[in-house]
Amino acid sequence: MTRRPTLHDVAAHAGVSIKTVSRVVNGSPSVREAVRSRVTDSIAELHYVPNSFARSLKSGGGDTIGVVMDSIADPFFAALMSAVESRALEAGLSVIFGSTGSDPDRERQQVERMAMQRVRALILAPVTGDHAYLERLTFPIVMVDRQVELGGFDIVAVDDRGLTRRAVDHLVERGHRRIAFVGNDVRFPTTSHRLLGYRDALAAAGVEPDPAWYAEGHGDQDEAIDHIQRLLALPRPPTALFAANPRAGMGAAHALHTAARTDVAMISFGDFPMAETLSPAITCVNQDPHGIGVAATERVLVHLDARDRDRLEPRELIVETELIPRGSGELAVPA
């Protein structure tokens, strides 16, 4: 539909009365399950968001914020969600979570489910895609880790390009020139920014990277393992690796240790479980999910406090972080 769907549209689509749709939206237990399912399916298909959200926000009703991220299995997002929940609870707010699986349609469904549950604000790690649907939501939205193509929203993140440049410089300073970029997942603008930082560092060192070193894909653990195995089989394999996210980092570490190639230097953008226990322990860029989660929640609280005043101007908040040397990133080029 080109216009915003109404209660009447949902009722017609589901073949029920407007009163029945209203009961479903308001959570009434008197609606039969089969009818409820039909109505909720129509709500999802039409992307209907009740006007009651605006009334709820203006009246200050509700005490819940929504959080929508890629996956709670991802170490970075799991830690970020935990930080959001802790700070929200301190502020007297509860939290509901949803995951996108990096799928734009699922993201939209999750966000609209949050709207149906009358959240007062949303913290979102957006997936690449069309986000025009966000413009009709009435509650504050704070982006984390990445921004959407529309702009106009707060964003809390780290300096992806600058931190990657620093990490690859760290490898260059130890004599490495054949440095692979693992986890070039083109679905995420953060990866694009990290790839720019990687190329910045190599260009400053006078190195033109082989396209095989930064092939697209390999953002997940199993894919990264396969990619590392192929890189190690090259006639002149890389002497160092930069993993663009913790999942790729876990895959890279597994592949190197399985192949008994712990002489290959490695830095991961983002920490992951057991990274400190390996030998050598994995050097990482501290992506600071706790700091990002707390900063995003604080920004939500500022929005909620200002809800009766003028709308706040969007802000970009960059969380300061650092490179943590543990051993793997400090390996020099083998003699």
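**Pockets, cavities and helix packing in a predicted model**

Student: Which helix gives the most to the lining of the second largest pocket?

Tutor: In this predicted model, the helices that each supply at least two residues of that lining are H3 (33-46) and H6 (104-116). The greatest share is four residues. The helix that gives them is H6.

Student: How do the residues of the lining of the second largest pocket divide into nonpolar, polar and charged?

Tutor: The lining consists of Val25, Thr40, Ile43, Ala44, Tyr48, Gln109, Glu112, Arg113, Met116 and Gln117. Tyr counts as nonpolar here, and Glu and Arg count as charged. The division is therefore five nonpolar, three polar and two charged.

Student: What volume does the second largest pocket have?

Tutor: Its lining includes Val25, Tyr48 and Gln117, and H6 contributes four residues to this lining. The volume of the pocket is about 220 Å³.

Student: Where is Arg118 found?

Tutor: Arg118 has a phi near 60°, a positive value in a residue other than glycine. The residue is placed in the loop between H6 and strand S3 (121-124).

Student: How many cavities of 30 Å³ or more does the count come to?

Tutor: A cavity is a set of points where a 1.4 Å probe fits but cannot get out. With this rule and the cut-off of 30 Å³ or more, the number of cavities is four.

Student: What is the volume of the largest cavity?

Tutor: This cavity is lined by 15 residues, and those closest to its centre are Asp145, Arg146, Arg194, Asn245 and Arg247. The volume of the largest cavity is about 130 Å³.

Student: Which helix gives the most to the lining of the largest cavity?

Tutor: Helices H5 (75-90), H8 (189-204) and H10 each supply at least two residues of the lining. The greatest share is three residues, and the helix that supplies them is H8.

Student: How do the residues of the contact of H9 with H10 divide by class?

Tutor: The crossing of H9 and H10 is right-handed. Gln221, Ala224, Ile225, Ile228 and Leu232 in H9 meet residues of H10 that include Arg247, Met250, Gly251 and His254. The contact divides into nine nonpolar, three polar and one charged.

Student: Is the crossing in which H5 passes H11 left-handed or right-handed?

Tutor: The axes of H5 and H11 (residues 289-305) come within 7 Å and cross at roughly 40°. The two helices are therefore oblique to each other. The handedness of their crossing is right-handed.

Student: How many nonpolar residues has the contact of H5 with H11?

Tutor: The H5 side of this contact includes Phe76, Leu80 and Arg87, and the H11 side includes Pro289, Ile292, Glu298 and Leu301. The contact has three polar and two charged residues. Its nonpolar residues number 10.

Student: Is H1 roughly perpendicular or roughly parallel to H2?

Tutor: H1 (residues 7-14) and H2 (residues 18-25) pack at about 105°, with their axes 8 Å apart. Because this angle lies in the range of 65 to 115 degrees, H1 and H2 are roughly perpendicular.

Student: Is the peptide bond from Ser279 to Pro280 cis or trans?

Tutor: Pro280 belongs to the loop between strand S8 (265-269) and strand S9 (283-285). Omega of the bond from Ser279 is near 0°, and the bond is cis.

Technical notes:
Residues numbered from 1 in each chain as written. Predicted model: local features only at pLDDT ≥ 70, side-chain atom pairs only at ≥ 80, totals over all residues. Heavy atoms only, no water. 1 Å grid on protein atoms, 1.4 Å probe; cavity = no way out; pocket = protein on both sides within 12 Å on 5 of 7 lines; lining within 4 Å. Points joined across faces, edges and corners; volume = space filled by probe spheres on them. Left-handed = near helix turned anticlockwise from the far one by under 90°. Contact = heavy atoms within 4.5 Å. Axes fitted to C-alpha atoms, helices over the stretch in contact; angles between N-to-C directions. Parallel < 35°, antiparallel > 145°, perpendicular 65-115°, else oblique.
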